[in-house]
Amino acid sequence: MATATSATTLDRAATRQRPSVGFGATLASEWTKLISARSTYLTIGLAVALAIGMTALISLAVGSTFSEWNAADQASFEPISFSLAGLLFGGILIAVLGVNLVASEYSSGMIRLTLSATPQRGRLLMAKVVLISLVAMVVTLVMTVGVLVIGQAVLGAYDMPTVPLTDPDAVRVIAAITLTAPLFPLIGATFAFLFRSTATPITLVLALMFVPAMFGALFPDWWQENILSLLPGSAADSLALSHLSDSRTYLDPVPAAAVVVAWLVITVGAAYVTLTRRDA
Amino acid sequence: MIAQAQARTQQRTWTFPRRLLADHIGLAALLWLGLIVAVTVLITAVAYWDSISVSGWDRFMSTIPHWYVAVIAGFLAHRFLPAAIAHGQTRRDVSVQLLIFTVVFAVVLAVLGVVGFLLERVLYGAMDWPQEVAAGQLFSSSGEAHLIFLEFASKFLVWAAAGALVGAGFYRSDEAGGLSLAVVWIPVSLAGYALGSQSGTPISLLDFVFDPPSLHPLLAIAVCAACYLVTAALAWRVIRDTPLRSKATWAGRDHARFGHSDDSTREGNGSMIEVRDLSKHYGTTKAVDQLSFDIKPGIVTGFLGPNGAGKSTTMRMILGLDHPTSGSVTVNGKAYRDLPAPMYEIGALLDAKAIYGRRSASQHLRWLAQAGGIPKQRVDEVLDLVGLTSVAGQSITGFSLGMFQRLGIASALLGDPDTLLFDEPVNGLDPEGIVWIRTLMRRLASEGRTIFVSSHLMNEMEETADHVLVIGRGRLIADTSMSEFIQLSTHSHVRVVSPQASDLAPRLDNAGATITVADDGALIVTGIEAAQIGDIAASHAIRLHELSPQRARLEEAFMERTRASVEYHAGDAEAVAAIFAETTQTTAEQEVR
């Protein structure tokens, strides 16, 4: 006990100078939180493994059955988009990671500790947004390059048409997918701030990711061109994939980028308003 | 009393899954139903508009992503299991709760699937579209409709069960939902591909049965059953290895008293919390009602009141976590949010167990230090201070409540603040932990710090606090020094046990004493001293088996005060009566434990 007492008292003068605590400190703190939790590595590892593994499986299935395809399908075969199919699986987990980085604080009650260390709530929100964006972009870059390499390798082994990574189409795909990668994780994270739970934000963000893709094609052309094209997934795909295949939900790059930014501004704005006004 | 308490615990065990179902599954199911209804209505509307036939969509329900079920079941089980373990009395309880959870979740979703199917039939009927299957056939015992119904129900059950089991098996992992997706999906998909399925992604063993690829259904069932058995084994391992919550923590709470430190060693340093007309209303409930007080520097101030009196709400408002409905609270003259480096000014221990993630104690303190702009070397110092150095690198998932409490105090001390806030710091601790916290609080106060500590346990406060704030139903009942509080509030009495009590009582009455009879037959005498009672008994040759003067304890003082406030606030007598009832209940519960 005696040593412990001297430890507090000796140190009191040293910590007396109060540093200014700013955005950098909050970001560093959020970074430490992220890298010190085992689940982060698990989720990211699973995302990369699922993306690459599923791409390999799908490419195997395509390669082994290609000779049985009809001539029209064979002629319109496009190697890049088939390699990207596995990204969907990794994308689910990255979106779930985005939700969980926020929702876990609410489910455990740790948000109170976080907010008592950083009472400036806008700053906390921005730190989470920056961190989730960076992580999503880095992981998605790895996944995209990984699925392209694996996908092309498998297709190549079946003597099918392939595209090198340095191909301008491939470069555009990698760049656009990486840059739009934060979209769904951030939407999920802001939903988590709004709903303070895990199940609801995951349901909503997965519905937003998949329901238009699954049922959108049933809609009349006008709806697809003017309404569904404004959904985040369609806009992101317009940026990344429109040069590879036609889509009714196509937007030109500038409006598509504007749609993506608008979704982020609206959802982050809503999270900011609720976070700052509500009790923790 | 004990039987009653057991009944209460038993009841809690079984009401728990119900509450969880209401809170979470209800929401997930509603979203799911919303999805079904919205998609059905949209498709039908669009098809009507474009005059296309949708007979190909006759079974669109089966295209709705089943992974949703697995992911949500995984997350819910991940959330559910720790709480189930905390509430369960035996491992069988926990397993049964998990089973109930899984089945109810699956059944709810399957019923919703049928609702969606029936909704489709109604819409198709309205459109005069050909129907592969009519609604009436759904519950018949033959034909494809029967198979569809079976497919719904079994698919949901399998997915929910697999997801829940994985979520339970990995419940210590924070990514249970993602894992349930991966663990359920990957092996089954791999098996499907490896064995030559051409039907896309086979997502459950039932897909093999209802949409058979080149694979024998029995083989498919065996592959999938193996996957699910592994997840079940994982879940069982967790239930087996996780210690159930220990009980009987308060048995030794009336531990040896710790000597109060000398007043002269304290120095006031002007740090202070000021609360002015603070109110917090939730709807019509006034959790905190016009509260005004100052926390004086350099002493331990106890914040006393029964559960639900508004103590925690007040503390959260001090820390800027909750917004007051009206009034203000300042720390060192500023609102908490305006403090440039709050952790240097005030440290708080709210809920020590509210820590997320599988990380070590030092990693936990490191992010907190970074957030507060505190140098990293301080982490090792506070770990040493609370005696956690030897386990600093271990994952906190294995920590006991006492260790969490120490970690919480370490985080409050990170910024070496002048003011410390502890919310129910001894709750659930063993006697050793209680003495440790009590000693620490006294020492921190003797270093000139301001300590504000809440408790619903009167005895505990008596041992620790110099000054006391008593709160009931959100209102301030007393703001006084501890000794004054006890002195002013109660009279001391003498407990007398005698085989000739009926002879003694009238004689004491004659001497001017007031007598009541305790439950065990002892006489509780007020108004005259013990010595006088002894003399009276001796002069009449009355034998005494016990003659003990009782000092008023804080608990009694508190009850006295809340009782007295009936007179002060005549209009609010009910409220005070309710406070009193809560207090007795709390005490009774502790006695049982």
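Strand E1 (residues 273-282) of chain B is joined to E2(B) by seven bridges, and the two run antiparallel. Within this pair, B:Tyr282 stands opposite B:Thr285 in E2(B). Strands pair if DSSP finds at least two bridges between them; helices (H or I, at least four residues) and strands (E, at least two) are DSSP runs numbered from the N terminus.

The model is predicted: local features need pLDDT of at least 70, side-chain atom pairs count only at pLDDT 80 or more, and totals for chains, interfaces and linings use all residues. Residues are numbered from 1 along each chain as its sequence is written, with chains lettered from A and ligands numbered from 1 in the order in which they are written.

The open sheet of chain B has three strands in the order E2-E1-E4, with antiparallel pairing. E2 and E4 of chain B stand at the edges with a single partner strand each, so one side of each lacks a neighbour in the sheet.

| Strand | Residues |
|---|---|
| E2(B) | 285-295 |
| E1(B) | 273-282 |
| E4(B) | 326-331 |

In chain A, helix H6 (residues 87-108) packs against helix H10 (residues 183-195) at about 30°, with axes 7 Å apart. Axes are lines fitted to C-alpha atoms, for helices over the stretch in contact, and angles run from 0 to 180 degrees between N-to-C directions. H6(A) is therefore roughly parallel to H10(A), a term for angles under 35 degrees.

Chain B contains 19 helices and 13 strands.

Definitions and conventions. Parallel < 35°, antiparallel > 145°, perpendicular 65-115°, else oblique.
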